[in-house]
Amino acid sequence: MPRQWRWLVRLHRPALIGGGALVLLTAAALVWLGGPLTDASAAAWKAYNACGFTPRCSYDQDSILLYKNVYNWTTIAVLAVPFLVAAWAGGALVGRETESGTARLAWTQGVSPARWLASRLVAPAGLTVAVTGLLAALHHWAWAAGRDRIDTTKFWHDMATFHANGTVPVGLALAGLAAGALAGLLLRRAMAAL
């Protein structure tokens, strides 16, 4: 079994490295958003609310705008990055095996095409669900950190926030994996499937 895992990791190495870097960047941005950026923006809102109608008031507007921008971009990233990484992994894996003829060889050895495809996609699907679930949980944590402290925090029912805080990113990631695998099966070339 350990030998099969080593083979699987080598097979998915480009997707693991590229996707891992994107996921780590998104996770780092979410931790920054939920921690220091939320604190700075909350302090700026507190100073702004203390001003009242004073014409000359000092508060850190840049922190408020930076929080808003980073929140919007990380929300988009939580929804898009897992989908794109999983589609890339599915297309590369299935496209490479159909292009080289390994899939046909396996099908002639008594392995059904459905069983072959399932065995190839189980590990990437499990990893995709785990990592995407972690990103969605981090997004919810970052959103909840500013909920009662920042005046412009999105409501829970805001469309992008609602989707990013729930199970939608996991579903999108699995749909991306399936779409990539389907592209690999139909196009039978790794580069075209990518």
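Helices here are DSSP runs of H or I at least four residues long, strands are runs of E at least two long, and both are numbered from the N terminus. The model is a predicted one, so to speak of a local feature takes pLDDT of at least 70 and to count a side-chain atom pair takes pLDDT 80 or more, while totals for chains, interfaces and linings use all residues. Residues are numbered from 1 along each chain as its sequence is written, and side-chain values use heavy atoms, with hydrogens and water left out.

Start with the overall picture. The chain has eight helices and zero strands, and from the N terminus on its elements simply read α-α-α-α-α-α-α-α. Of its 194 residues, 38% count as buried, where buried means under 20% relative accessible area, exposed means over 50%, and partly exposed is what falls in between (1.4 Å probe, protein chains only). A contact means heavy atoms within 4.5 Å. Among contacts between residues at least 6 apart in sequence, 80% join residues at least 24 apart.

Next come the annotated stretches. An unreviewed UniProt entry gives the annotation "transmembrane region" to residues 70-94, 121-142 and 162-187. Such positions are given in the numbering used here, feature names are shortened, and annotations may be inferred rather than shown by experiment. In the model, residues 70-94 are 100% helix and 0% strand, with the end C-alpha atoms 35 Å apart. Residues 162-187 come out at 88% helix and 0% strand, and their end C-alpha atoms are 35 Å apart.

Helix 7 takes in residues 168-187, and its 20 residues, at 1.5 Å each, should span 28 Å, which agrees with the 28 Å between its end C-alpha atoms. That expected span is 1.5 Å times one less than the number of residues. The buried residues of helix 7 are Pro169, Val170, Ala173, Gly176, Leu177, Gly180, Ala181 and Gly184. They cover an arc of only 125° around the axis, which puts them on the same side of helix 7; the arc is that of the directions from the helix axis to the C-beta atoms.

Helix 3 (residues 61-100) holds both tyrosine 67 and tyrosine 71, four residues apart, or about one turn of the helix. A search of the whole structure turns up one aromatic pair. The ring centres of tyrosine 67 and tyrosine 71 are 6.4 Å apart and the planes meet at 20°, so the pair is stacked. Rings of Phe, Tyr and Trp (its six-membered ring) pair if their centres lie within 6.5 Å, and planes under 30 degrees apart count as stacked, over 60 as edge-to-face and the rest as tilted. Both tyrosine 67 and tyrosine 71 are buried.

Further along, threonine 74 also lies in helix 3. Threonine 74 counts as buried, at 5% relative accessibility. Leaving aside residues up to four places away in sequence, threonine 74 touches Ala29, Leu30, Leu33 and His139. Isoleucine 76 is another residue in helix 3, and with a relative accessible area of 48% isoleucine 76 is partly exposed. The C-alpha atoms of isoleucine 76 and threonine 26 are separated by 10.0 Å, although the two are 50 residues apart along the chain.

Alanine 160 is found in helix 6 (residues 159-164) and is partly exposed, with a relative accessible area of 33%. Not counting residues up to four places away in sequence, alanine 160 touches Thr75 and Leu79. Alanine 160 and leucine 79 are 81 residues apart in sequence, and 8.5 Å apart from C-alpha to C-alpha. Tryptophan 143, in helix 5 (residues 113-146), is buried, with a relative accessible area of 4%. With residues up to four places away again not counted, tryptophan 143 touches Tyr71, Thr153, Lys154, Phe155, Trp156, Thr161 and Asn165. Between tryptophan 143 and phenylalanine 155, 12 residues apart in sequence, the C-alpha to C-alpha distance is 9.3 Å.
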